[in-house]
Amino acid sequence: MRMRVRQLREEKIAAQAKDLLSDYAQSRPSTACPPIPVVHILRSQFHLDPAYEDLSRIHRDVGAVAAVWCGRRQLSIDLSRHSYLDAERESHSRLIIAHVLGHLSLHGEHFSADPDQLPLFGDVPQAPCFICMRSDIKHPLETQAEAFALALLMPEPMLRDAWTECVGHVEPRVCDAAEWKGICRIASSRVDDSALETPAEELIRKLAGDFEVSIQSMAGRLKQLRLFVRAHRPEPALSTTRV
Ligand SMILES: [Zn+2]
């Protein structure tokens, strides 16, 4: 995707995610508790069904992650390169769906006006009207969609309530250097679930299970909301030596 992209503040993106959830909840049972039903939201608000297929045939060189087929009313999620366990595959799929919901909510102007007739990418009949590619991971459209996904899957008020229920208070956890390093490692890369050991890591695992997201996503969101904060380093002692 190479196009002009309007800047969106984090708060604006979170508000859009909240609006989508509110619109969905108007005609559905309460969504006050996790997990957020992203598949139902995709179906009811955008009339798209998720499907899983090998997308390497679309853009083999750049790696398609997901593709929206407007004519078919389908969101295809690529699973060709993954060998995830079922639980990981489920949380990965939910993240992809929430990410695409971000594009649909934030970037409607980048879809064709009549998606069935005017595919955005080329003139090939049956071409997807939107594709997410691994090579575009740092493009503003992709980072905005990813921020939307985290805000939708883990709404701040809902996550703060779950946090309070787990730890018994609303205050953030102040982490020492070793614990903070572990949290940053989890937030920045996919790690083996069995490698989680510290109380903070156990908390991430518990909340990730409740919200049906990956531990990586949950660690990143808890950091973003400053529910994990790093302890201040002790100030170096002031010298009292006069010169
Ligand atoms: Zn995308």
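Residues are numbered from 1 along each chain, as its sequence is written. Because the model is predicted, local features need pLDDT of at least 70 and side-chain atom pairs count only at pLDDT 80 or more, while totals for chains, interfaces and linings use all residues.

The protein has eight helices and six strands. Both kinds of element are DSSP runs, numbered from the N terminus: helices are H or I with at least four residues, strands are E with at least two. From the N terminus on, the order is α-α-β-β-β-α-β-α-α-β-α-α-α-β. Of the 243 residues, 34% count as buried. A residue is buried if 20 or more other C-beta atoms lie within 10 Å of its own, exposed if 12 or fewer, and partly exposed in between; the C-beta atoms are placed from the backbone. Among contacts with a separation of 6 or more, 68% link residues 24 or more positions apart. Two residues are in contact if their C-beta atoms, placed from the backbone, lie within 7 Å.

Four strands form an open sheet in the order 1-3-2-4, with mixed pairing. Strands pair if DSSP finds at least two bridges between them. Strand 1 (49-53) and strand 4 (130-133) are the edge strands, and each pairs on one side only. Neighbouring strands of the sheet are turned by 15° against each other on average, direction ignored. The axes behind such angles are lines fitted to C-alpha atoms, for helices over the stretch in contact; angles run from 0 to 180 degrees between N-to-C directions.

Strand 2 (residues 64-69) pairs with strand 4 in the antiparallel sense, over four bridges. Ala 64 stands opposite Met 133 of strand 4. Val 68 has Phe 130 of strand 4 as its bridge partner. Strand 2 also runs antiparallel to strand 3 (residues 74-78), again with four bridges. Here Trp 69 faces Gln 74 of strand 3. The two strands form a hairpin with four residues between them. In the turn, Arg 73 has a positive phi of about 55°. Six of the six residues of strand 2 are buried, so the strand is largely enclosed by the rest of the structure. In a regular strand the side chains alternate between the two faces of the sheet.

Helix 5 (residues 156-167) has 12 residues. The expected span of a helix is 1.5 Å times one less than its number of residues. For helix 5 this gives 16 Å, and the end C-alpha atoms are 16 Å apart, which agrees. Gly 168 follows helix 5, with a positive phi near 90°.

The axes of helix 6 (residues 177-188) and helix 7 (residues 199-211) come within 9 Å and cross at roughly 30°. Helix 6 and helix 7 are therefore roughly parallel to each other. Angles under 35 degrees count as roughly parallel, over 145 as roughly antiparallel, 65 to 115 as roughly perpendicular, and the rest as oblique. Helix 6 contributes Glu 179, Gly 182, Ile 183 and Ile 186 to the contact, and helix 7 contributes Ala 200, Glu 201 and Ile 204. These residues divide into four nonpolar, one polar and two charged. Ala, Val, Leu, Ile, Met, Phe, Trp, Tyr, Cys and Pro count as nonpolar, Asp, Glu, Lys and Arg as charged, and the others, Gly among them, as polar.

Ala 187 also lies in helix 6. Ala 187 counts as buried because it has 20 C-beta neighbours inside 10 Å. Leaving aside neighbours within four places in sequence, Ala 187 contacts Gln 216, Ala 219, Gly 220 and Lys 223. Ala 187 and Ala 219 are 32 residues apart along the chain, yet their C-alpha atoms are separated by 4.9 Å.
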